[in-house]
Amino acid sequence: MSTVRPPFRIGIIGTGGIAHAHADAIRDLHPRAEIVGVVDLDPDRAAQFAADFGVGAIHVTADELLARGDVDLVCICTPPETHAPLAAAAARSGIASLVEKPTALSLGELDELARAEAETGAPILTVFQHRFGPAARHLRSLAESGVLGRPLVATCETLWFRPDEYFAVPWRGRWEVEGGGPTMGHGIHQFDLMLAILGDWTDVTAFAARQLRPTDTEDVSLALVRFANGALATVVNSLVSPRETSRLRFDFEYASIEVEHLYGYTSADWTFTPAPGHEHLTAAWEHPNEAGATSGHRDQLAAILDAFEHGEAPGVGLAEARRTLEFAAATYASAFRSRIVSAGELIGDDPFVAGMSGGIVPWAPVKAVLA
């Protein structure tokens, strides 16, 4: 891609809760980056957001923001059903986009985005900020170097709690708006980091259930995963767990590495346990991992701006985002079809390409009744 120099001019579409994380990150990176305009369907909310973050321009529509002619990057912070259309519109305007997860509601929709990106050359990126914390980046480097030995076992848990009231928001809990439950909207951050460390997965077998919550989607899913390198993993995504935690553990031949946090980690949240005879690896782990800021949008945004400045491809691009989204689709397909699903199996006119529910959810919808 062509080189873009600071100060980087960034627009924000959607000024709800998650947009504040983007704005805080951009403010932390000032004067390297600045917010030049915002858009929201609620003009009062947009005005308050602009006042809070010192933004001079409030635009009525996304098209108006995209037509400014001076925007280097647009952050898409709207409900999930709008992510793909807005990212495609940004690409057609020649503007890179950073899209909150999930990038799209389905594999088919993501593949349409890939075509838009190929035609325009404008990068479409996904917010997977946990990849960019110092400890995660160091773990990935050590794993790729081979000093930890072969990856053997991993555990990935997103055990969160959302009360019934959480689903009173009309767009929450609907397949056609959110794409899915905690597999798509909550645990995806943790298993994306797992995939970033362990690489390509080959097979998934899973269960999903609606245990408690008034939602059309699942509120719990569990998966067993085999990776191309032979590693095996368990993945749990829950919204019914009163003691909330997010946990990842990687067992390599020569060490176990584990992190437990909730919505973001510091380097101090990680533990490193060498196997007997490999105690020397402790020094290699600790040296670059001083405790600091919590992993978040700032880390990813800074990496994206670095890539822009050096004319490199920024992360997380659509190819890696698709691997993560395909894992989510395979989790649903395995759970609802009661069988193992292999990587690359969900293609063409398979119902799970068109939508994460596959049209075969084994419980009755409730959101239409509650609306």
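**Close-up views of a predicted model**

View 1. The structure holds one cavity of 30 Å³ or more. The model shown here and in the other views is predicted. About 30 Å³ of space lies in this largest cavity. Tyr166, Phe167, Gly173, Glu178, Gly180, Gly181, His186, Thr217 and Leu239 make up its lining. By class, the lining of the largest cavity has three nonpolar residues, five polar residues and one charged residue.

**View 2. The largest pocket.** The space in the largest pocket comes to about 1100 Å³. Its lining is formed by 41 residues, and Ile18, Cys77, Thr78, Glu100 and Trp171 lie nearest the centre of the pocket. Three helices, H1 (17-28), H4 (83-92) and H9 (188-198), each contribute at least two residues to the lining of the largest pocket. That lining consists of 17 nonpolar, 16 polar and eight charged residues.

**View 3. The second largest pocket.** This pocket holds about 280 Å³ of space. It is lined by 19 residues, and those closest to its centre are Arg131, Phe132, Arg140, Ala303 and Gly315. Helices H6 (134-145), H9 and H11 (297-310) each give at least two residues to the lining of the second largest pocket. The largest share, four residues, is supplied by H11. Ten of the lining residues are nonpolar, three are polar and six are charged.

**View 4. Strands E7, E11 and E12.** Strand E7 (residues 151-161) and strand E11 (residues 240-252) run antiparallel and are joined by nine bridges. Val153 has Asp251 in E11 as its bridge partner. E11 also pairs with strand E12 (residues 255-261), again in the antiparallel sense, through six bridges. Within that pairing, Glu258 in E12 stands opposite Arg249.

View 5. Thr3 is located in the segment before strand E1 (8-13). Its relative accessibility is 42%, so Thr3 counts as partly exposed, a class that lies between the limits of 20% for buried and 50% for exposed. Leaving aside residues up to four places away in sequence, Thr3 touches Phe308, Glu309, His310 and Gly311. Leu41 is 38 residues from Thr3 along the chain, and the C-alpha atoms of the two are separated by 33 Å.

**View 6. The whole chain, for orientation.** The protein has 14 helices and 14 strands. Its C-alpha trace spans about 60 × 50 × 40 Å along the principal axes. A compact globule of 371 residues would have a radius of gyration near 21 Å, and the 20 Å of the protein therefore agrees with that expectation. Of the 371 residues, 56% count as buried. Among contacts with a separation of 6 or more, 70% are between residues 24 or more positions apart.

Notes:
Residues are numbered from 1 along each chain as its sequence is written. This is a predicted model: local features need pLDDT of at least 70, side-chain atom pairs count only at pLDDT 80 or more; totals for chains, interfaces and linings use all residues. Side-chain values use heavy atoms; hydrogens and water are left out. On a 1 Å grid over the protein atoms alone, a cavity is a set of points where a 1.4 Å probe fits but cannot get out, and a pocket is an open set with protein on both sides within 12 Å along at least five of seven lines; lining residues have an atom within 4 Å of a point. Grid points are joined across faces, edges and corners, and a volume is the space filled by probe spheres set on the points. Ala, Val, Leu, Ile, Met, Phe, Trp, Tyr, Cys and Pro count as nonpolar, Asp, Glu, Lys and Arg as charged, and the others, Gly among them, as polar. Two strands pair if DSSP finds at least two bridges between them. The radius of gyration is taken over C-alpha atoms; the globule rule is 2.2 Å times the number of residues to the power 0.38. Buried means under 20% relative accessible area, exposed over 50%, partly exposed in between (1.4 Å probe, protein chains only). Contact means heavy atoms within 4.5 Å.
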